[in-house]
Amino acid sequence: MACSCCPASPSAENNEAPRWRRALWIALMINAGFFAAEIVMGLMAGSAALQADALDFFGDAANYAISLSVAGMASGWRSRAAMLKGVKMLAFACWVLGNTAWHAWAGTLPQAETMGVVGALALAANAGVAGMFWRFRDGDANMRSVWICARNDALGNLAVLLAALSVFGTGTGWPDVAVAAIMGGLGLHGGWQIVCHAWRERRKISHRRDAPAIPASAA
């Protein structure tokens with residue numbers, strides 16, 4: 001449990017900054033909109049990579065909403081939020097890998113043209129979101145988790161574009177499956193990073209709470 005009597009940290013002040021909240025709101029709207037569009041196009045195109053990217057948009061929109069809900073709160077609550085986001089990212093990655101295995105077994109051949117167009121639009125959106133959060137990448141666990149999500153999204157979109165080109169060139173669905181598997185692996189790695197960072201912050205907070213107070217006479 002966080003110690004409410006601890007002084008606010010620079011990270012807490014950044015969380016309260018209008019630019020942080022504004023960036024979160026913009027990212028939330030972009031990710032929610034692209035989730036709705038990409039999940040439909042991914043199902044229509046039969047692309048595991050697009051479906052994985054769509055669910056990534058959904059997960060990020062939920063993560064940004066969580067970050068907004070704890071903005072300005074004590075560091076203990078922010079670290080709890082980061083832990084929740086890390087666990088969600090790990091769960092999402094497991095789903096992506098399972099869905100990818102199904103597409104590999106079914107031998108799905110996705111529509112390369114749809115993958116390319118949607119992937120290019122998603123890349124432009126995520127590159128803008130990652131640029132907004134660049135300045136917060138060295139912040140607390142909550143800020144870092146947001147940066148990791150944005151970074152992974154941009155990398156995932158580049159991979160989708162490469163998959164679209166490869167599907168078009170080879171006439172098989174294996175590039176799509178391979179990219180979806182890579183995206184699942186990125187999700188596992190990113191989620192683990194977030195959980196570890198949040199866990200370290202929780203331990204630091206616990207140590208500060210348990211540390212004996214210095215008597216005023218000894219100061």
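Helices here are DSSP runs (H or I, at least four residues), numbered from the N terminus. The model is predicted: local features need pLDDT of at least 70, side-chain atom pairs count only at pLDDT 80 or more, and totals for chains, interfaces and linings use all residues. Residues are numbered from 1 along each chain as its sequence is written, and side-chain values use heavy atoms, with hydrogens and water left out.

**Confidence**

- The chain has an average pLDDT (the predictor's confidence in each residue, from 0 to 100) of 75, and 79% of the residues score at least 70.
- Confidence is lowest in helix α1 (residues 10-16), with a mean of 44, and highest in helix α5 (residues 112-133), at 87.
- Over residues 1-16 pLDDT stays under 50, and the model has 33 contacts (heavy atoms within 4.5 Å) beyond four places in sequence for them.
- Residues 213-219 also stay under 50, with zero contacts beyond four places in sequence.
- Where pLDDT is low, the predicted coordinates should not be read in detail.

**Helix α2**

- Buried residues (under 20% relative accessible area, with a 1.4 Å probe and protein chains only) in α2 include Trp 20, Leu 24, Asn 31 and Glu 38.
- After α2 comes Gly 46, whose phi is positive, near 70°.

**Aromatic pairs**

- The whole structure holds three aromatic pairs, that is, rings of Phe, Tyr and Trp (its six-membered ring) with centres within 6.5 Å.
- The ring centres of Trp 20 and Phe 133 are 5.9 Å apart and the planes lie at 65°, so this pair is edge-to-face (planes over 60 degrees apart).
- Because Trp 20 belongs to helix α2 and Phe 133 to helix α5, the pair ties together parts 113 residues apart in sequence.
- Trp 20 is buried at 0% relative accessibility, and Phe 133 is buried at 1%.
- Ring pairs join Trp 20, Tyr 64 and Phe 133 in a cluster.

**Nonpolar cores**

- A nonpolar core is a set of buried Ala, Val, Leu, Ile, Met, Phe, Trp, Tyr and Cys residues joined through side-chain atoms within 4.5 Å.
- The largest core has 22 residues, and those touching the most other members include Trp 20, Tyr 64 and Phe 133.
- The largest share of this core, six residues, comes from α6.
- A second, separate core of 14 residues includes Ala 45 and Phe 92.

Note on methods: Buried < 20%, exposed > 50% of the residue type's maximum accessible area, 1.4 Å probe, protein only. Helix = DSSP H or I, 4+ residues; strand = E, 2+ residues; numbered from the N terminus. Phe/Tyr/Trp six-rings, centres within 6.5 Å; stacked < 30°, edge-to-face > 60°.
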